[in-house]
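Let's take a walk through this structure together. Have a look at it first, and then we'll go from a loop to the ligand.

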Amino acid sequence: MKKTLLEIPSKPRRSASIIGTGSYLPERILTNADLEVLVETSHEWIVERTGILERRIAGEKEFTSHMAAEAAKAAIENAGITVEEIDLILVGTITPDTVFPSTACHVQRLIGAKNATCFDVNAACSGFLFGVEIANQFISNSTYDTVLVIGADKLSSIVNWKDRNTCVLFGDGAGAAILRSRPDSRGIITTHMGSDGNYADILHMPGGGCAIPITSENIDSDLNTLQMNGRETFKQAVTSMMRAANIVLDRCGLTPQDIKCVIPHQANIRIIEAMADRLEVPMSQFHINLDKCGNTSAAAVAIALDEAARSGRFETGDLLLLVVFGGGLTYASSIIEW
Ligand code: UT7
């Protein structure tokens, strides 16, 4: 006899936890002194206005997928799972190896995750946290069990190396996390994601899509490079990250003081200082690595999370606040029980 829809058993909702992390930074270090040779800038200006001392730059033949795969392998080992157990791969990136296939598919091939479904998430610097929430939803409704989320970018491939307003800020790298249901933890407690396309032009790469295709004229006009209104981006970064942080804290009835460690987007030390001031928590509560990595876009919060976890900054049961901002504009925040 034909079953009615109500008779088809529904799967239970579950919470998703991060069960392992990994990260990768390319070998080559680009110091502020190196940049003094390229553009009219100084070590003192960069440190004072951004807090960045150095950043890593990927090799010419080292693509986003290569960095992503290295971070993924470290996360898989840290989680103690086999690569065959991964049934979904999400890569947050704005510097994919190819427009298509997705970088997630390239990563699948590189690590041999033959049982995974793969796609990319384009949310600029917010890509990793958007990916974590997509994974959370899929795990919660039992569509997938074991998800690899990666934030990876080779921003050096789209930076205009003649533009001192931007080229001093960015670096390359990748960070990864394995998510799975863990009955003894609340895992990802809540997430807020947001976007405002009215600010699309303050941080973008105009060329390379169907609006401004790749032509030699467009390349000569630097339209295939990242462009940013720094002051406006700074303002929007503080406003949207504060809004996102307060929304998830309020939703859980928590104060910033209940949070063991804040993992913020690593764009500028002054943005993080403004947040610490407004949240009324000491800077020591934030995990910061932008001095060594610069802004690695979608990888930033993923690398910082891996570093903080491995250095023992928090333990099982501690509450973390992850908060990001990126081009789009996009922003997101998440409260996680580790
Ligand atoms: O992940 C995405 C998010 N990205 C961000 O969050 C970036 C947000 N914005 C920022 O971090 C800051 O706005 C910057 C670091 C980009 C710039 O700092 P600022 O204090 O806002 O500087 P400004 O843009 O107001 O420029 C001040 C001066 C200008 O000179 P004039 O016009 O006053 O003569 C710039 O031309 O600093 C000059 N300047 C530089 N000088 C030396 C800009 N870049 C440089 C440089 N070296 N690299």
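Start with Ala 124, which you'll find in the loop between β5 (117–121) and α5 (127–140). Helices here are DSSP runs of H or I with at least four residues, strands are E runs of at least two, and both are numbered from the N terminus. Ala 124 isn't a glycine, yet its phi is positive, at about 50°.

A word on what you're looking at: this is a predicted model, where local features need pLDDT of at least 70 and side-chain atom pairs count only at pLDDT 80 or more, while totals for chains, interfaces and linings use all residues. Residues are numbered from 1 along each chain as its sequence is written, and side-chain values use heavy atoms, with hydrogens and water left out.

One joins Phe 100 and Pro 101, with omega about 0°, and Pro 101 sits in the loop between β4 (88–92) and α4 (103–111). The other runs from Gly 328 to Leu 329, with omega near -10°; Leu 329 belongs to the loop between β12 (319–326) and β13 (330–337).

Now for the ligand. It has 22 residues around it, and the closest are Thr 41, Arg 49, Arg 231, Asn 268 and Asn 295 (a residue counts if one of its heavy atoms lies within 4 Å). By class, this shell has nine nonpolar, eight polar and five charged residues; Ala, Val, Leu, Ile, Met, Phe, Trp, Tyr, Cys and Pro count as nonpolar, Asp, Glu, Lys and Arg as charged, and the others, Gly among them, as polar.

Where does the shell come from? At least two residues each come from α2 (43–50), α6 (164–167), α8 (230–252) and α9 (269–279), and α8 gives the largest share, four residues.

An N or O atom in the Thr 41 side chain is 2.7 Å from a nitrogen atom of the ligand. Polar side-chain atoms also lie by ligand oxygen atoms: one of Arg 231 at 2.4 Å, and one of Arg 270 at 3.0 Å.

Technical notes:
Polar contact = N/O pair within 3.5 Å; in protein donor to acceptor, adjacent residues only side chain to side chain.
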